[in-house]
Amino acid sequence: MSDKAFYNKPFSHIYVEKDIKGIPLVEEVLNNLPSAKVILIKHYKDIFNRKKQDFRVQSKSRSLILAKNTGNLIFEGSDMCQDHGNSRFFYATSVMNCLFDCDYCFLKGMYSTGNIVLFVNLEDYEKKIVEMLKEGPMYLSVSYDTDLLALQGIADLCSFWTELAKNNEDLTIEFRTKAHVKRFDPAPNVIYSFTLSPQSVISSYEHYTASLEGRLDSVNRACEAGCNVRLCFDPVLYVKDYMKCYNDFMDEVLPKVSWDKITDVSVGAFRISKDYMKGLRSCCPMSAVTEFPYVNEGGYMKMPSDIYKGMRDLLVSRLKEVKDEGKIFCDSDGSIVRDR
Ligand code: SF4
């Protein structure tokens with residue numbers, strides 16, 4: 001019998017801060033999860049930051065926490081992220097943690113719990129962004145600490161962010177996903193970014209995410225709908241026979257995408273801070289992707305550069321078969337790519 005039989009279904013329990021009970025987004029989530037047991041709490045940190053939690057076990061049966069974010073709402077993008085040429089690059093944390101469970105996810109190093117927090121005070125995010133826009137155009141990643149499109153059946157936060165972009169032309173937002181998304185809402189300043197990986201990598205390391213076929217279906221649906229579409233070939237991971245694996249992957253992907261409809265492409269290596277790597281290794285000790293002997297360069301754990309350069313050059317040369325070089329973003333040593 002699968003060990004799934006011993007766990008509650010995801011979101012069998014929802015913790016709700018007392019002060020926000022009754023607001024429309026809370027009711028929307030509770031209606032979407034009618035069989036969940038609802039527990040009222042004083043503050044989300046009482047649950048999210050509890051000591052002695054086990055990310056690995058909790059990720060098999062995540063609880064949901066609905067809360068009001070009274071702390072920082074918008075953060076400056078770190079130098080680990082590709083900014084695609086945008087000087088004012090930020091990310092929003094309207095959700096912390098993800099429905100998916102990638103072995104290499106930096107969230108495992110950042111949080112000590114597998115439970116998910118969803119902040120419902122979206123009007124505060126809107127106020128803050130409108131204020132920040134007075135200082136100039138902004139590029140905002142809204143799926144940074146989560147995969148918002150994967151949560152659509154539970155809370156439609158994507159509509160909020162899309163409407164905000166539609167009402168503020170100086171705001172560009174990016175949704176990044178590994179989900180099989182079937183419906184899209186195109187807007188000139190909304191970018192849908194799809195992470196593509198070889199199916200063997202998805203099966204081994206990107207648990208619960210959509211298959212490569214599902215992701216390519218999403219890509220084509222988004223293109224058909226007239227969306228701005230970015231393809232992210234990152235993180236590139238070291239796997240057995242990596243050159244053959246990634247070359248076969250490109251053989252599969254190249255003919256299945258309408259490249260003239262793709263806005264741009266990014267290529268990047270797995271990379272994570274030394275401190276987060278410690279948490280990752282204790283969370284996924286048996287995973288080849290966490291146990292690989294990465295090299296510590298200035299506090300960041302990276303693939304040895306000769307391996308990464310070989311993989312990057314292969315991917316870039318294959319992508320140049322279908323896309324202008326100016327639309328392919330990558331770095332010289334795998335050093336500016338986010339670790340998801
Ligand atoms: S890497 Fe991305 S999709 Fe995977 S668990 Fe982390 S946030 Fe979710």
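Visitor: How many bridges join strand β5 to strand β9, and in which sense do the two run?

Guide: Bear in mind that this is a predicted model. Strand β5 (residues 89-92) and strand β9 (residues 138-141) run parallel and are joined by 3 bridges, with F90 having L140 of β9 as its bridge partner.

Visitor: What does β9 form with α6 and β10?

Guide: Together β9, α6 and β10 make a right-handed β-α-β unit. Within this unit, β9 and β10 pair in the parallel sense over 4 bridges, and Y139 stands opposite T172 in β10.

Visitor: Why do the buried residues of α6 line one face of the helix?

Guide: The general idea is that an α-helix has 3.6 residues a turn, so residues three or four places apart point the same way. In helix α6 (residues 157-167), the buried residues are L157, C158, W161, T162, L164 and A165. Seen down the axis of α6, these fall within an arc of 160°, so they line one face. Their cover includes α5 (122-133), β10 (171-177) and β11 (190-195), whereas the face turned away from the buried side carries the exposed residues S159 and N167.

Visitor: Is R230 buried or exposed?

Guide: R230, which is found in strand β13 (residues 228-236), counts as buried because it has 24 C-beta neighbours inside 10 Å, the cut-off being 20 or more. Beyond its neighbours within four places in sequence, R230 is in contact with I191, S193, T263, D264 and S266; R230 and S266 are 36 residues apart in sequence, yet 7.6 Å apart in space, C-alpha to C-alpha.

How values were computed
Residues are numbered from 1 along each chain as its sequence is written. This is a predicted model: local features need pLDDT of at least 70, side-chain atom pairs count only at pLDDT 80 or more; totals for chains, interfaces and linings use all residues. A residue is buried if 20 or more other C-beta atoms lie within 10 Å of its own, exposed if 12 or fewer, and partly exposed in between; C-beta atoms are placed from the backbone. The arc is that of the directions from the helix axis to the C-beta atoms. Two residues are in contact if their C-beta atoms, placed from the backbone, lie within 7 Å. Two strands pair if DSSP finds at least two bridges between them. A crossover is right-handed if, with the strands pointing away from the viewer, the path from the first strand over the helix to the second runs clockwise.
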